Amino acid sequence: MDKYEILKRYFGYDTFREAQEILIDSILEGRDTFGIMPTGAGKSLCYQIPALLMEGITLVISPLISLMKDQVGSLNQAGIHAAYLNSSLTPGQYAKALSLARQGRYPIIYVAPERLTTEGFLDFALHSRIDMVAVDEAHCVSQWGQDFRPSYLKIMEFIRQLHKRPVIGAFTATATKEVREDIVDILQLQDPMVVATGFDRSNLYFSVMKEKDRYSAIRAYLEAHKKESGIIYCLTRRQVEEVCGRLIKDGFLVTRYHAGLSDEERKKNQDDFIYDRVPVIVATNAFGMGIDKSNVRFVLHCGMPKNIEAYYQEAGRAGRDGEGAECILYYSGQDVVTNQFFVENGQADQELDVFTRSVIQERDRERLKKMTFYCFTTDCLRDYILRYFGEYGSSYCGNCSNCLTQFEEVDVTETARALIGCVKSSGQRYGTTVIVDTLRGAQTAKINDRRMDENPYYGALDKMPVYKIRRVLDHLQLTGCLEVTGDGYAVVKLTERAEEIMADGGQVIMKAAKAADKPKGDGAKSRGEKGSKARKEKMAGVELTEKEETLFEKLRTLRTEIAREESVPPYIVFSDKTLIHMCLVKPRTRQEMLSVSGVGDFKYDKYGERFLGCIEANGVEG
Ligand code: ADP
Ligand code: ZN
């Protein structure tokens, strides 16, 4: 068999995607290979296919148990022998798996990095032919990545002990320049073939919303996207509890996930989501690594994550099947404070020495700033992200909230001066709320306590709505004229640039959404109304007829039934994309069924006839 036959037979696809073939060929030539591709681009095939063509065993190093389980499950479903070795196995199961591995049963073995140098595993490795070590999520070797795992450093220790150095393949979806260099250095890749495909995920729609009432906005979004699968990320456990609780009260079928839950509950809730029993999960960032669910149609962020890497990774869990999906970030000023707290109060790895930790903290602050700017930029959001990862996109993508909004330039010098003047005259001691309230001439207890009603700027902007003042405040922060800093209690401070504005001739021009005298309620409502119908039209770039839609639902039901019998997630049986393709092709024979994208021989033998039966029974003429 050659690589094309394997692609068709086991995975059911006709052609390789961009970069896959280059990476596969490079590995097969015995050259170290480094693939940097966005989530959903198809990295796994790049090492799985060579693994099936090589004589010896391929070890896949992967950081997470759920990830391994999912991948091994998919391979087994496709008729490929694979196993995983990690701490989720009992000693008995582990010994059994290892003994089958010794007998050469598995061409592909997934292993946790901390297992590599254990006695039992090493003994197996020394007595077997290991042809390739594929390092998945390779950015975990780098301290500059956001997921540094010290156990990943064991990989080199392990490889050094082998009699013959295997080919090394490294794969990651998130890597800035520093991290890429680190990966090559630390894994000691020899003259590697490095292939980086664009980070762009053109099927994802990006949007930032600054709604006053985030909860209502999210609820409206769910209302308009019933039945669709999605993730709602929150910054803290408490927020997860709150959002999830309110949604349940409001009659939505949702579940929750965070590190404070028991292992059982976490597993159950995760499975409910993956197996499509519950469409929506509300979670902290503890959820998601290793979630391969391909039909996630939206990822909402109720709060801004700590950096662009994290945001793009989390948002990127939408639309892995390549179909249209939406990523909406609901921002509030409080998010910055929450994240500053995380940075200052050492989420940084405790294993690190003081010096390294302080360097990392400094970088974290810088990253947080760039993330905050994402929420304020009026440029193309996609472009902003791509530039962050060192790529140049076109400055207009047409599929993000900024590209879809018309902006005009407004002179906000007077407002800016009032803000700066107020901060200055009150001694740079107060947070944004006090400043804004003062300018509006509000009478709150805080204002009275601090005697801000005696401030020369008290009431200076009493005709202006709060959100407009806030917008200028945000703009001043984005352009470095103001800084909001402080531990726990955030204080507005001035920078040198603030002086320039106060000086004669100083001017502040800001881009503002046209005709948007009030905050626009885009995303949730306007796009939402089109809802899932519009989405399906976008799917596979085709419009399903009503009959085909009915068939699609029938096929989905059959898929769920099979998934239950086999105890695997539905998307592992067939992806949504494959089902849609089936609705279009309406195959009547084995041959026709095999022409459907995602249907390989092995899966055909297992389920093909049941799906053919379902299509026939639903009498859609071809
Ligand atoms: P990654 O690991 O890069 O996030 P995966 O390996 O999980 O991505 O692949 C994402 C999806 O794309 C999977 O559903 C996979 O089956 C599908 N896929 C991969 N390669 C191809 C291909 N050549 N043609 C069609 N679909 C593919
Ligand atoms: Zn854009």
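Start by selecting Gln 188, which counts as partly exposed at 41% relative accessibility; the term covers what lies between buried, under 20% relative accessible area, and exposed, over 50% (1.4 Å probe, protein chains only). You are looking at a predicted model, where local features need pLDDT of at least 70, side-chain atom pairs count only at pLDDT 80 or more, and totals for chains, interfaces and linings use all residues. Residues are numbered from 1 along each chain as its sequence is written, chains are lettered from A and ligands numbered from 1 in the order in which they are written, and side-chain values use heavy atoms, without hydrogens and water.

Stay with Gln 188 and check its backbone: phi is positive, about 50 degrees, although this residue is not a glycine. Most residues other than glycine have a negative phi. Gln 188 sits in the loop between α8 (177-186) and β7 (193-196); helices (H or I, at least four residues) and strands (E, at least two) are DSSP runs, numbered from the N terminus.

Next, select Lys 227, in the loop between α9 (214-224) and β9 (229-234). Lys 227 is not a glycine either, yet has a positive phi of about 80 degrees. Its relative accessible area is 70%, so Lys 227 is exposed.

The whole structure holds two cavities of 30 Å³ or more; a cavity is a set of points on a 1 Å grid over the protein atoms alone where a 1.4 Å probe fits but cannot get out, and lining residues have an atom within 4 Å of a point. To find the largest cavity, select Pro 38, Thr 39, Ala 173, Thr 174, Phe 199, Arg 201, Tyr 312, Gln 313 and Gly 316, which line it. It contains about 70 Å³ of space, a volume being the space filled by probe spheres set on the points, which are joined across faces, edges and corners.

How values were computed:
1 Å grid on protein atoms, 1.4 Å probe; cavity = no way out; pocket = protein on both sides within 12 Å on 5 of 7 lines; lining within 4 Å.
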